[in-house]
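Please look over the sequence and the model below before reading on.

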Amino acid sequence: MASLHSPPKARSPLPMIPVPQALETVLTETAKSLWFNRQINGDTTSSLSPGSSSSLPASHLQMLGRISASDVRAIRGYPDHNSSIMDGYAVKTSDLAESGDVYTRLDHKHKNRYVLDFVIVGKVYAGDDDDDGRKANERNGSHHRTAVYVTTGAVVPDGYDAVIPIEDTEGSSSDDRNGLHKMHIIPSKIESVLNSTKPWTWIRPVGCDIPPGYVVLSKGEKIQPVHMALLAQVGISLNKVQVKNLPRVGVLSTGNELLSSSGSQRPQGKIPDVNRPMLLAQLSTYGNCTPLDLGIVKDDDGYEKIAQRLNAAIWS
């Protein structure tokens, strides 16, 4: 009659060690063995070393999570033109300085009657170059103060170094004598406009966000979505970015009892290998490594079979 008592626990003659120490020992000794075999066989090259770099035409999704192999510097600054921050009128601060000198010498009565107006010589909208502004300047034969209407993000024409917001101005009118279209500063705003409008007021100058030569992606840095925007801003295409080769992560199962097939029919005593496909699938979701399926090695195959699989994966 079979005993109803549990069999005695097996006692190992070797002391138990913590799992982290065991893992470190296995990995260290495996690496030593593989390196030794590699030197014996004279194989000193590896075309897929994780430390090497490559340049590949890649989509935004393929680049995310990759590691930059070198510093990427802005070839040109951003913005690459003087850009208006406001809807309004681009003006010359030299004109305002002259007007300010006149205004400060006026008494209160004459200040109330003072008109600060500008001849409108062109319009530049966001997305336009400043051709309209240049052509308008060429057409303008007036010695009057001039202004160019600009929208937010528009190029500020050469020669103009400040923008007066449209809220401080009143609509353009026509000068009947000369046929010139003008705008003028709201009388109650004249003093504040003259005092506050300095060179680069309401203008983003060239390179104020990203100066030329600035490192937008550092060597060894993980590529994030923000880097996509920075690269686009400075005009660098993705296929010009050198990236590190992805590390390869192999998944190997061991055990006489394991079957790679998960079909409904399997021999008694066998179990499906569920950990390997699960880990391979999980690694695939990370996007920062290349999963390698190293299959199943039976316990009876021994260390040499495992070493063969690892050698084939690492040095091929």
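Does Y149 count as buried or exposed? In this predicted model, Y149 has a relative accessibility of 16%, and because the cut-off for buried is under 20%, Y149 counts as buried.

**Aromatic pairs**

A search of the whole structure finds three aromatic pairs. In one of them, the ring centres of Y103 and Y114 lie 5.6 Å apart and the ring planes meet at 65°, so this pair is edge-to-face. The pair links distant parts of the chain, since Y103 belongs to helix α3 (residues 93-104), while Y114 sits in the loop between α4 (108-113) and β5 (117-124), 11 residues apart. Y103 and Y114 are both buried.

Another pair is formed by Y125 and Y149, whose ring planes also stand at 65°, with the centres 6.0 Å apart, so this pair too is edge-to-face. Here again distant parts of the chain are linked, with Y125 in the loop between β5 and α5 (131-139) and Y149 in strand β6 (residues 146-150), 24 residues apart. Y125, with a relative accessible area of 39%, is partly exposed, whereas Y149 is buried. Ring pairs join Y125 and Y149 with Y89 in a cluster.

**Charged side chains over rings**

| Charged residue | Ring | Distance to the ring centre |
|---|---|---|
| K92 | face of Y160 | 5.1 Å |
| R145 | face of F118 | 5.6 Å |

**Helix α8**

Helix α8 covers the 12 residues 275-286, and at 1.5 Å a residue these should span 16 Å, which agrees with the 17 Å between its end C-alpha atoms. Within α8, the residues R276, L280 and L283 are buried. Viewed down the axis of α8, the buried residues fall within an arc of 65°, so they line one face of the helix.

What do the buried residues of α8 pack against? They pack against β13 (248-254) and β16 (290-297). The face of α8 that is turned away from the buried side carries the exposed residues M278 and T285. Just after α8 comes G287, which takes a positive phi of about 75°.

Key. Residues are numbered from 1 along each chain as its sequence is written. This is a predicted model: local features need pLDDT of at least 70, side-chain atom pairs count only at pLDDT 80 or more; totals for chains, interfaces and linings use all residues. Side-chain values use heavy atoms; hydrogens and water are left out. Helices (H or I, at least four residues) and strands (E, at least two) are DSSP runs, numbered from the N terminus. The expected span of a helix is 1.5 Å times one less than its number of residues. Buried means under 20% relative accessible area, exposed over 50%, partly exposed in between (1.4 Å probe, protein chains only). The arc is that of the directions from the helix axis to the C-beta atoms. Contact means heavy atoms within 4.5 Å. Rings of Phe, Tyr and Trp (its six-membered ring) pair if their centres lie within 6.5 Å; planes under 30 degrees apart count as stacked, over 60 as edge-to-face and the rest as tilted. A charge sits over a ring if NZ of Lys or CZ of Arg is within 6 Å of the ring centre and within 35 degrees of the ring normal.
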